[in-house]
Structures are given as C-alpha cells and as structure tokens.
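Here are my notes on the model you sent. Please read them with the structure open.

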Amino acid sequence: MCGIGAILSLDGTQVPGLDAALGAMNALQAHRGPDGAGRWIHPAGHAGLAHRRLSVIDLEGGAQPMDAGTGAVISYNGEIYNYRELRSELGADNFRTASDTEVILRAYERWGSDCVKHFRGMFAFALWDDRLGQLFCARDHFGVKPLYYTVQDGVLYLASEAKALLPFVTAIETDPAGLRDYLAFQFCLGGKTLFRGIRELAPGHVLTADRNGHVQQSRYWEVFFELDFGHTEHWFQEELRGRTEEAVALNLRSDVPLGAYISGGMDSGVVAALAARSQDGLLGYCGRFAEGRDYDESAYARQVAAASGIPLAECTITADDFIRNIGAVIYHLDTPTAGPGAFSQYMISRRVREDRKVVLGGQGGDEIFGGYARYLMAYFEQCIKAAIDGTMYDGNFIVTYESIIPSLASLRQYKPLLQDFWRDGLFEDMDRRYFRLVHRARDLEDEVAWDSLGSYSPFDAFCEVFHAENVRREAYFDLMTHFDFKTLLPALLQVEDRASMAHGLESRVPLLDHRVVELAASVPPDIKFHGGELKRVFRLALGDLLPAPVRDRTDKMGFPTPFTEWSRGPARDFIRDTLSSGPARTRPYIHNDRVLRRLDREPRFGRALWGFLSLELWQQAFHDRERKYRDMRQASCDGGRASSA
C-alpha cells in the first residue's frame with residue numbers, strides 16, 4: 001500500500017520544477033508510505049512519477065517507480081491478490097522481482113489497457129508508456145484505492161490524495177456543487193470533490209492522457225444486475241460461500257503478519273473467522289466507548305474472537321481522544337466525512353499499526369447484501385402501497401406484507417426515523433422516497449446560504465445513479481442497494497483508506513472481490529430479501545462461522561460514536577470554540593453563528609452538527625492554510641528555474 005503521484009505536460013513541453021513538484025507530492029503523502037520514496041522523470045522533462053512505499057509484498061525488490069526496461073514505468077498503490085497466478089500465466093522467467101508491481105507491468109505489455117480486466121484486488125496506478133507517449137491510469141472496481149486529478153495551465157497532475165494536488169491549483173476554493181452534494185448526502189456524486197478543479201477518477205475506470213493534449217476516461221467494469229432465476233436459494237448460498245472463502249484466501253497473501261478488525265457484527269466476523277482457519281498469528285482488534293451499551297459491541301467481538309481462537313486487543317476511545325485528534329482526522333480524510341465513525345476508525349487503525357502493517361475488514365457487506373434498516377423501511381411502505389393497489393403478488397420483485405411482518409421488529413430502534421420518513425410524501429415514486437431516506441439536508445435551516453450555492457440539483461444527480469440502466473426498475477431492493485454501492489460505499493472506502501493510511505496501515509476488504517459482488521447482483525430480490533430479512537443470503541451462507549448471539553443479532557450498530565453525548569458534555573467547549581473563531585464566522589456558504597445558536601436551542605443537534613463541525617475543520621485544514629501550499633508551489637517553480645540555470 002502506497003502513495004502515488006504523476007505529472008504530465010499535455011503539450012509535450014518541459015514542466016518547470018518537475019523534480020521539486022514530485023517531491024512536494026511525496027512530502028504530502030509521506031504517511032502513506034513510511035518505508036521508502038522514489039521519483040522518476042522522463043529525459044525530456046515533460047512527464048514524471050512519484051511514489052511513497054509501504055512494503056508488504058517483496059520487501060526487498062518492490063521499490064518504485066518501477067521501470068520495466070521496455071519503455072513502461074509505473075507508480076502503483078494497492079495489491080493484486082492474484083499476482084501469483086498472473087505471474088505463472090505471463091511466464092515466471094520474464095520477471096526480475098517477486099512483486100505484484102512487476103505483474104502489472106508485464107500484464108500491460110501482454111494485454112495493453114485490457115490488463116485491468118485480469119486483476120483481482122485493490123489498486124490505483126499511473127503507468128507511463130514511452131512507446132505511445134501516453135500516461136495510462138486505472139482505479140480498481142470499487143474504488144478501494146483513491147486517485148485524484150486536476151489540469152492546471154496545460155499540465156495534468158494525479159495523486160492518491162487531493163491534498164497532494166493543492167500546491168498546483170491556482171487557488172484553494174470550495175466547489176459549490178460539491179458542497180451541495182455534501183450537505184445532501186455527506187459525500188459527493190459524479191467525481192466531484194469539495195475542492196474546485198479537483199476531480200476523482202471513478203471506480204472501475206481508466207484514464208489516458210498524452211502529450212498531444214488528449215485526456216480520456218472510459219469504464220472497464222460494471223456490475224450488472226442480471227437476475228438469475230435458474231438457480232435455487234441453496235445454490236446461491238453454496239456458491240457465495242465458495243467465492244467468499246476464495247476471496248479471503250487471496251487477501252491473506254502477504255510477506256508481513258496480518259490483523260483483522262472484529263467489530264461484533266457479521267461482516268468483519270465472517271472475514272476474521274475464515275482468515276483464522278489458515279492464517280497463523282492473526283490478531284484481532286475492536287474499538288469501544290465507555291458511554292454505555294449503546295456504544296460498546298466488545299462483548300460480541302469477544303465471542304467472535306474466542307470462537308475462532310483469535311487474540312483480541314480492545315481499544316477504548318474517549319472524548320479526550322476526540323478533542324486531540326479530530327483535526328488530524330479531517331486533514332487526513334481530505335474532506336468532511338459522512339459521520340463521526342471516521343474518527344473511531346482512525347483511532348482503532350492507530351492501535352492496529354502498533355502491531356501490524358496489514359489488517360482485514362468486512363467493509364462492503366451492507367451495500368452488497370442489503371444490511372441497512374432503511375431498505376426495510378422503504379420496502380415496508382411499498383408493501384402497504386402494493387396491498388392497497390392490488391399489485392402485491394405481481395412479478396418477482398415484491399415482498400408481501402404478510403412475509404415482512406416478522407422482520408419489522410428490527411425497526412424498533414428506528415421509530416423516530418420512521419415517523420420523520422412518513423411525515424410527508426407517503427407513497428410517492430420510489431426514487432423520491434429513497435432520496436428522502438438518504439437526504440441529510442432536510443432538517444437544515446438558515447445555517448446554509450443556499451442561494452450562493454447555485455442551481456445544481458442533488459436530486460437530479462441522485463436520479464442518474466438510481467435509475468441506472470444496469471438495474472431493473474421494478475427491483476426496488478436492487479435500486480436502493482445499487483445506489484449505495486455506487487455512492488455511499490466509495491465514500492466509506494475513502495474513510496477506510498485515509499483512516500488506515502494516516503498511520504501507514506494497509507486495510508484489505510475481502511468481501512469486495514468482484515466475483516463475490518457479481519454473484520450477489522445476480523440473486524433475485526425475492527431470494528436476497530425474502531421476508532424482508534436483511535442480508536439473508538449472506539447470513540444463511542456463512543452465518544455458521546459465527547456464534548449464534550452474533551449471527552442472530554437484530555441490534556445493528558455500525559461502530560456508533562457518542563458524538564451527541566460529547567457535544568453536550570466534554571467536547572462542548574471545543575466545538576463552540578471551533579465554530580466561533582474569526583474565520584469560522586466569515587465563511588462564504590455557512591453561517592456558523594446560526595449553527596451555534598441551534599446547538600444551544602437543540603441539545604441533541606447531533607448528525608447535522610457533526611456535518612458542520614467537520615466542514616469547518618476541513619476549511620481550517622486547507623482553506624486557512626492556503627499559504628502553505630502556495631509556498632510549496634513556489635518552491636517547485638524556483639527549483640525549476642534553478643535547475644534550468
């Protein structure tokens with residue numbers, strides 16, 4: 001796992017200060033690769049690559065940027081888990097190292113841009129092909145590994161983190177459309193970021209650029225919900241088990257010892273249990289809070305660890321940890337984040353790094369197999385509507401209200417959300433109803449200067465994803481999970497990457513193997529969501545790996561953080577000081593004085609307050625420190641003049 005950078009002049013001219021610019025990229029991403037740094041510059045001075053290394057595979061021979069000796073040079077971040085099989089297919093005698101990095105180079109030599117279709121893993125890379133005079137960049141199927149880019153004054157800049165591009169933008173400004181997305185969803189859609197002029201390459205896409213000014217993007221992989229009505233539920237369970245076991249086995253490939261997150265839930269528990277069957281020395285890690293049972297799943301985590309024979313380290317996280325570290329968390333995230341769980345993830349990752357460089361997690365299970373309570377809420381409404389309309393038994397996509405009743409008990413803790421959801425708009429079209437469930441800005445008042453954000457519509461952008469052609473319109477469950485898979489999941493993976501890489505820790509997510517995801521997408525909704533049971537197929541296929549109290553849980557928690565309690569108590573002064581500083585009171589889009597008044601008026605002003613706080617900390621980390629990045633840009637320009645002189 002590493003940090004990468006690339007620079008290319010789009011008109012073929014020399015880039016002034018190229019070496020210094022690459023050095024600035026490496027400096028800003030040093031946390032991603034504490035084990036080594038490297039730079040490569042084309043003899044003509046119009047292209048260069050930067051790399052920071054976290055050594056996990058081929059510790060001695062995998063230094064980067066790596067030159068194939070045939071005109072191809074690569075800077076790469078990630079893991080190709082099937083690198084051994086590809087090495088054999090490509091001819092082991094052709095290799096000089098035992099690294100998966102060289103596998104990408106040789107695969108590119110054999111298959112060109114189609115090489116990405118042969119990879120199973122998480123990756124982002126920039127590869128210079130001197131024969132074509134072209135930069136070829138790619139990002140993995142799901143966006144586990146990040147890749148950002150910007151074009152400034154005819155030069156293309158790419159990096160693993162947006163902060164590594166800030167020295168090269170003309171000014172650090174907020175993108176109004178990106179901010180509208182953030183306020184609506186607490187993540188951005190369509191490749192936008194909150195930095196004006198900086199974009200994110202979409203998962204499953206490649207980007208090519210050459211010195212003649214051509215920059216193109218194309219998709220190489222998509223998940224199609226082509227439903228398989230020819231197999232039984234039992235067949236899907238057996239096939240899912242086999243593919244999951246294979247994916248976990250591939251994710252165990254490493255030249256350093258492994259750890260595993262054990263949250264007390266199904267997804268991480270299944271991954272850890274499968275890993276423990278064949279991995280000696282596996283260590284487990286869980287985080288907990290002392291604020292009560294609502295914030296502590298460690299009892300379940302202990303049961304999972306004990307059943308699999310995994311030593312478990314517990315990390316107790318406090319309000320003092322929050323006050324001391326939340327600024328660093330937002331800095332490393334590069335963006336305000338979807339919830340305070342990012343802070344918790346940062347803290348547990350720091351603990352894991354004390355013992356391990358690689359950790360396994362269960363990220364992706366909820367989006368792939370349908371684990372969020374809001375799916376049940378939305379479907380419950382559709383059941384009532386179908387019963388009234390007399391369409392209850394039409395087709396293969398409706399869950400009947402009779403069958404869904406036993407599952408409704410799991411909504412007990414969501415009664416306030418149900419009341420809000422049904423407050424208005426009942427029985428509207430499916431897209432509007434699901435948009436209401438995921439929309440975070442409904443309760444925002446005059447804290448936002450809405451008129452200054454332009455006319456961009458987050459709902460229109462939502463519909464472009466929700467009504468994608470690769471999902472059948474009548475399959476409501478698939479429409480919902482597909483939207484989350486395409487939007488929420490990459491946002492969560494962004495947190496997973498930054499929270500771990502802030503400490504030089506590689507986080508692997510075995511459930512996001514594309515063969516597992518493709519199978520899940522083919523399961524008909526009336527099997528996948530039978531009786532309204534969340535994650536039914538996954539539970540039946542792999543639940544026997546877990547102790548019954550964990551397997552049969554209905555109180556899904558998702559690593560909750562007691563932010564609301566802290567905001568009323570030990571962190572209240574910190575929050576007030578953050579939102580009442582001079583710069584905070586003069587932001588162009590947010591009225592933080594009104595946020596503070598609402599905090600005083602509504603003691604449980606929780607998730608919205610978190611959104612405003614993380615947004616303010618983001619502006620302090622980047623907007624208020626623009627001079628730091630301007631100085632780095634100036635240093636690279638000065639370096640260019642010095643070298644040419």
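1. E402 sits in helix α12, residues 401-404. Helices here are DSSP runs of H or I with at least four residues, strands are E runs of at least two, and both are numbered from the N terminus. With a relative accessibility of 40%, E402 is partly exposed. The cut-offs are under 20% for buried and over 50% for exposed, with partly exposed in between (1.4 Å probe, protein chains only). From E402 to L258 the C-alpha distance is 46 Å, and 144 residues separate the two in sequence.

2. A word on the basis. This is a predicted model, in which local features need pLDDT of at least 70 and side-chain atom pairs count only at pLDDT 80 or more, while totals for chains, interfaces and linings use all residues. Residues are numbered from 1 along each chain as its sequence is written, and side-chain values use heavy atoms, without hydrogens or water.

3. Confidence comes next. The mean pLDDT of the protein is 91, and 96% of the residues reach at least 70. pLDDT is the predictor's confidence in each residue, on a scale from 0 to 100. Treat residues 641-645 separately: pLDDT stays under 50 there. For that stretch the model has one contact beyond four places in sequence. Contact means heavy atoms within 4.5 Å.

4. Now the overall fold. The protein has 26 helices and 17 strands. Its radius of gyration is 24 Å, close to the 26 Å from the globule rule for 645 residues, so the protein is as compact as a globular protein of that length. The radius is taken over C-alpha atoms, and the rule is 2.2 Å times the number of residues to the power 0.38. Along the principal axes, the C-alpha atoms fill a box of roughly 80 × 60 × 45 Å. Of the 645 residues, 62% count as buried. Among contacts with a separation of 6 or more, 73% join residues 24 or more positions apart.

5. What does the surface look like in numbers? The protein exposes about 24,100 Å², and carbon and sulfur atoms supply 47% of that area. Areas come from the Shrake-Rupley method with a 1.4 Å probe; for residues, only the protein chains shown count as cover.

6. T337 is worth a look. The loop between α8 (319-333) and α9 (341-353) holds T337. T337 is buried, at 3% relative accessible area. Beyond its neighbours within four places in sequence, its contacts are Y182, Q186, A342, V495, W610 and S614.

7. E474 also lies in a loop, between α15 (458-466) and α16 (476-486). Its relative accessible area is 37%, so E474 is partly exposed. S218 is 256 residues away from E474 in sequence and 28 Å away in space, C-alpha to C-alpha.

8. Most residues other than glycine have a negative phi, and most peptide bonds are trans. The bond joining Q64 and P65 is cis, with omega about -5 degrees. P65 is in the loop between β3 (47-53) and β4 (66-67).

9. D153 has a positive phi, near 55 degrees, and is not a glycine. D153 is in the loop between β8 (148-152) and β9 (155-159). D153 is exposed, at 78% relative accessibility.

10. K535, also not a glycine, has a positive phi of about 55 degrees. Its loop runs between α19 (525-528) and α20 (536-542). Is K535 buried or exposed? K535 is buried, with a relative accessible area of 6%.
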